[in-house]
Amino acid sequence: MAAYQVEGAHDVDGRGPSIWDHFSNRKNRIEDGSNGNRACEFYYRYEEDIALASSLNLSHFRFSISWTRIMPDGTETVNPLGLDFYNRMIDCCLRNNLEPWVTLYHWDLPLALEKEGGWCNRKVVNAFIHFVDACTKSFGDRVKNWIVMNEPFTFTGLGYLVGYFAPGRFGLHNYLPAVHHATLCQAEGARRIRRNLPYANIGTSISCSHVTPSSNHPLQVQAAKRVDALFNRLHIEPLLGMGYPIRDLPILERIEKYFHPYDEELIKFDFDFIGLQNYYSLVAYHNSLIPYIKAFVVPFKKLNRSLTANGWEVYPDGMYKILKQFARYPVKEYIITENGAAFHDRVQDGHVHDTKRLNYIQSYLGEVLRAKNEGVNIGGYFIWTLMDNFEWKAGFKSRFGIVYTDFEKQTRIIKDSGLWVRDFLK
Ligand code: GBH
């Protein structure tokens, strides 16, 4: 889970505003007019929710830390009440035999930093290192697994290129520096974790989607290469010392403008694992009208595959294919840090028969195992997600949980998919 999606308690105990507080409380930004002010009230209900996770026989629990609970204005001043919350929550995980997996950045940049340029301003790197420092020093005695970032492609692309996510900015002049600074933060953040916690298990999580050209015409094959470079290679290859995939996506050349001396070295880090998050695959075609990338992807509804409630395709094969593709990189271990689906759930006599979600999870997990059995080094699988929560742009419309959340009454119902997980892990 991610802090902003579940915690609520947005103005409690010294927490400062993030870009998502600001964005979701503006008019017409969130599809159902909602915001994350309350969300699942996990801030108050974490004990019951963690006990619930444990009752499903889960053994690992992934959550993110809200930067502005720890540092309300994004800089060095630490808020002790923020530390207290995560200390209590982590202890609660351990009491329930859940191993904590901490994501340090799941999209909730302090608003104070955005006012200074956010991800476009290189200052964000130092601010982030201070935040990582505070978290590792406070929680590192009990937390072994650290995920530096969640999907840099999503928060830079949707937040700074097309303006669909917070902070709602667009254009290449915003996007490219945001990408470079996010890359620097992944590596520099990881280095700081290693310095403070030499034995930590350190990773970072990226989104990935297998890309197929719409035909084998060379124009289409080239288009698919550009889409693949953007969606799959941009956020891993620099870490591995391969640089940005400029040859297959020439527009990225302009990112070098934001390089300082030694950045080629600074963006590398030898991660213990890379987190992969996969939901769907893409079919790409050439389109010279689309700026920069000159390609587009076929809308899911035209592909004759079944769709989830938020219009994504269900295509388990894509999971297998993308894992085989990533197997080519010299990565020590992959962990699937997210996979799951939104469907329209209905409560009937106190039950939620979410057969479609159950099928989705079983079939994707089957493809993960197929890849693993063929030698891809996969060390774990996390379902997205424990309970329905604030689904960013979609507000409360999209339900991804294996546990149903009644947002009015703040009650929970274990869905059939959750019951299956419980029995499967018994
Ligand atoms: C995740 O994003 C998030 O980490 C999580 O917080 C969220 O709740 C969950 O998924 C469900 O949405 O294809 O051009 O739109 C995962 C899905 C995959 C969405 C990559 C954005 C890239 C941009 N993301 N995708 S695009």
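1. Helix axes here are lines fitted to C-alpha atoms over the stretch in contact, and angles run from 0 to 180 degrees between N-to-C directions. Helices are DSSP runs (H or I, at least four residues), numbered from the N terminus. This is a predicted model, in which local features need pLDDT of at least 70, side-chain atom pairs count only at pLDDT 80 or more, and totals for chains, interfaces and linings use all residues. Residues are numbered from 1 along each chain as its sequence is written, and side-chain values use heavy atoms, with hydrogens and water left out.

2. Start with helix α3 (residues 42–55) and helix α5 (residues 80–95). Their axes come within 9 Å and cross at roughly 10°. Angles under 35 degrees count as roughly parallel, and α3 and α5 are therefore roughly parallel to each other.

3. Next, the residues between them. On the α3 side, F42, Y43, Y46, E47 and I50 take part; they meet L81, F85, R88, M89, C92, C93 and R95 in α5. By class, this contact has nine nonpolar, no polar and three charged residues. Nonpolar covers Ala, Val, Leu, Ile, Met, Phe, Trp, Tyr, Cys and Pro; charged covers Asp, Glu, Lys and Arg; the others, Gly among them, are polar.

4. Now the core. A nonpolar core is a set of buried Ala, Val, Leu, Ile, Met, Phe, Trp, Tyr and Cys residues joined through side-chain atoms within 4.5 Å. Buried means under 20% relative accessible area (1.4 Å probe, protein chains only). The largest core holds 142 residues, and W20 and W119 touch the most other members. Helix α9 (residues 172–196) supplies the largest share, eleven residues. A second, separate core has five residues, including I147, F273, I335 and F382.

5. Look at W20 itself. Contact means heavy atoms within 4.5 Å. Beyond four places in sequence, W20 is in contact with Y4, I30, W107, D108, F165, A166, F390, W392 and K393.

6. N174 is found in helix α9. Buried or exposed? N174 counts as buried, at 11% relative accessibility. Its side chain joins that of R169 through a polar contact of 3.1 Å. Such a contact is a pair of N or O atoms within 3.5 Å, one able to donate a hydrogen and the other to accept it. Leaving aside neighbours within four places in sequence, N174 is in contact with C120, Y160 and R169.

7. Q325 lies in helix α12 (residues 316–326). Q325 is buried too, with a relative accessible area of 14%. Past four places in sequence, Q325 is in contact with H210, D228 and N232.

Methods:
Buried means under 20% relative accessible area, exposed over 50%, partly exposed in between (1.4 Å probe, protein chains only). Helices (H or I, at least four residues) and strands (E, at least two) are DSSP runs, numbered from the N terminus. Angles under 35 degrees count as roughly parallel, over 145 as roughly antiparallel, 65 to 115 as roughly perpendicular and the rest as oblique.
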